[in-house]
Amino acid sequence: MPRILSLGEAMVELGRADHPDLWRPGIAGDTLNTAWYLRRLLGADWQVDYLSRVGTGAFSQQMVDFLAAPGVGTTHIGRDPDREIGLYAIGLTNGERSFAYWHDTSAARGLADDPAVLDAALDGATVAYFSGITMAILPPEARTNLLGALARARTTGTRVVFDPNLRPRLRTDAGIMRQGISDAAAGADLVLPSFDDEAVHFGDADPQATVTRYLARGAGQVVVKNGGGSIRFGGHEGFGIITGLEPETPADRTAAGDSFNAGYLAAWLSGADCAAAIAAGHDLSRKVIRHRGALVAEGL
């Protein structure tokens, strides 16, 4: 059975409830969001697994149960007796988000400590998916372990997909952040950046500059998300721009990029070309941002 392995951190998500003085807890995280949507989109012929590390308490078990309920594989979620899952809170103003993170004591910081565990999880995977946040939470040696394991998996046929998902708050040095993102993209078959992030942190003048830069680093294919605008792509699957994408007024942009990635990957893995996969990703993202919260079950 073909299998996609998503690697990263799951967290307790605090979002505003209907009452302004209340917060509503949930489970989310960028690579978890994509895995959750992929499980909904891909048929029974595909296996979707998640690799992370959690604690042994109630919140950690809630996360594992949450993923297992729709059929996301949890075999590769390790347990840490001394740490728990992280926490983040979302502020929302006119559909635009602001975040506060509590990562420092997250068990997921140890997800790449053991290269043998990574190799075992990646063994036979059709696709491995990770993000800049996955990289950002890891200590330097663990980042090296992760990129090494992905490179080894790639030599045996695993296709590596990377979303840079730049979060400077998770890094102490912007230069190290940019170098780490570039190194990760260099070993990826597909890179899915967001132009607004790339313009701010890499100085790209336009989406084509983003495509060109990542291809020069060694990425196989690049698709640049553009906040609902025209999407530029380029690489071994061809070059082009998709225009005229139907806009959407967001209730909440949370998981806009994560859901786009899931829609794109589900179509791509089902044989769609780049243009059709972009259309599928945009369609799913539009549906998701009509609702509050990262994970939306209705209307998909």
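Biologist: Across which strands does helix H5 lie, and at what angle does it run to E8?

Modeller: This is a predicted model, and everything I say is computed from it. Helix H5, residues 140-155, lies across E1, strand E8 (127-131) and strand E9 (159-163). The angle is taken between N-to-C directions and can run from 0 to 180 degrees. Relative to E8, helix H5 runs at about 155 degrees.

Biologist: In what order do the nine strands of the open sheet follow one another?

Modeller: The edge strands are E5 and strand E13 (240-242), each of which pairs on one side only. The pairing in this open sheet is mixed. Read across the nine strands, the order is E5-E4-E1-E8-E9-E10-E11-E12-E13.

Biologist: Which residue of E5 is the bridge partner of Arg 53?

Modeller: Strand E4, residues 47-54, pairs with strand E1 (residues 3-7) in the parallel sense over five bridges, and there Arg 3 stands opposite Gln 47. E4 also pairs in the parallel sense with strand E5 (residues 77-79), over three bridges. In that pairing with E5, the bridge partner of Arg 53 is Gly 78.

Biologist: How many of the eight residues of strand E4 are buried?

Modeller: A residue counts as buried when its relative accessible area is under 20%. Strand E4 is mostly covered by that criterion, and the number of its residues that are buried is six.

Biologist: Which residue in E12 is the bridge partner of Val 223?

Modeller: Strand E11 (residues 221-224) and strand E12 (residues 231-235) run antiparallel and are joined by four bridges. Within this pairing, Val 223 has as its bridge partner in E12 the residue Phe 233.

Biologist: Which residues does Ile 278 contact, leaving aside neighbours within four places in sequence?

Modeller: Ile 278 is one of the residues that touch the most other members of the largest core. With neighbours within four places set aside, the contacts of Ile 278 are Val 223, Ile 231, Phe 233, Ile 242, Phe 260 and Tyr 264.

Biologist: Why are the buried residues of helix H2 said to line one face of the helix?

Modeller: The buried residues of helix H2 (residues 58-68) are Ser 60, Met 63, Val 64 and Leu 67. An α-helix has 3.6 residues a turn, so residues three or four places apart point the same way. Seen down the axis of H2, its buried residues line one face because they fall within an arc of 95 degrees.

Biologist: Which geometry do the rings of Phe 202 and Tyr 214 adopt?

Modeller: Phe 202 is in helix H7 (residues 195-202) and Tyr 214 in helix H8 (residues 207-217), so the pair ties together parts 12 residues apart in sequence. Both Phe 202 and Tyr 214 are buried. Their ring centres are 6.3 Å apart and their planes stand at 65 degrees, so the pair is edge-to-face.

Biologist: Is Ser 106 buried or exposed, and what is its relative accessible area?

Modeller: Ser 106 is placed in the loop between strand E7 (96-102) and helix H3 (115-122). Not counting residues up to four places away in sequence, Ser 106 touches Glu 9, Arg 83, Glu 84, Ile 85 and Gly 86. Because buried means under 20% relative accessible area, Ser 106 counts as buried, its value being 1%.

Biologist: What is the phi of Asn 165?

Modeller: Asn 165 lies in the loop between E9 and helix H6 (174-186), and it counts as buried at 10% relative accessibility. Although Asn 165 is not a glycine, its phi is positive, at about 35 degrees.

Biologist: And what is the phi of Ala 255 near?

Modeller: Ala 255 is found in the loop between E13 and H9, where it counts as buried at 3% relative accessibility. Ala 255 is a residue other than glycine with a positive phi, whose value is near 70 degrees.

Conventions: Residues numbered from 1 in each chain as written. Predicted model: local features only at pLDDT ≥ 70, side-chain atom pairs only at ≥ 80, totals over all residues. Heavy atoms only, no water. Buried < 20%, exposed > 50% of the residue type's maximum accessible area, 1.4 Å probe, protein only. Helix = DSSP H or I, 4+ residues; strand = E, 2+ residues; numbered from the N terminus. Pairing = 2+ DSSP bridges. Core = buried A, V, L, I, M, F, W, Y, C linked by side-chain atoms within 4.5 Å. Contact = heavy atoms within 4.5 Å. Arc of directions from axis to C-beta. Phe/Tyr/Trp six-rings, centres within 6.5 Å; stacked < 30°, edge-to-face > 60°.
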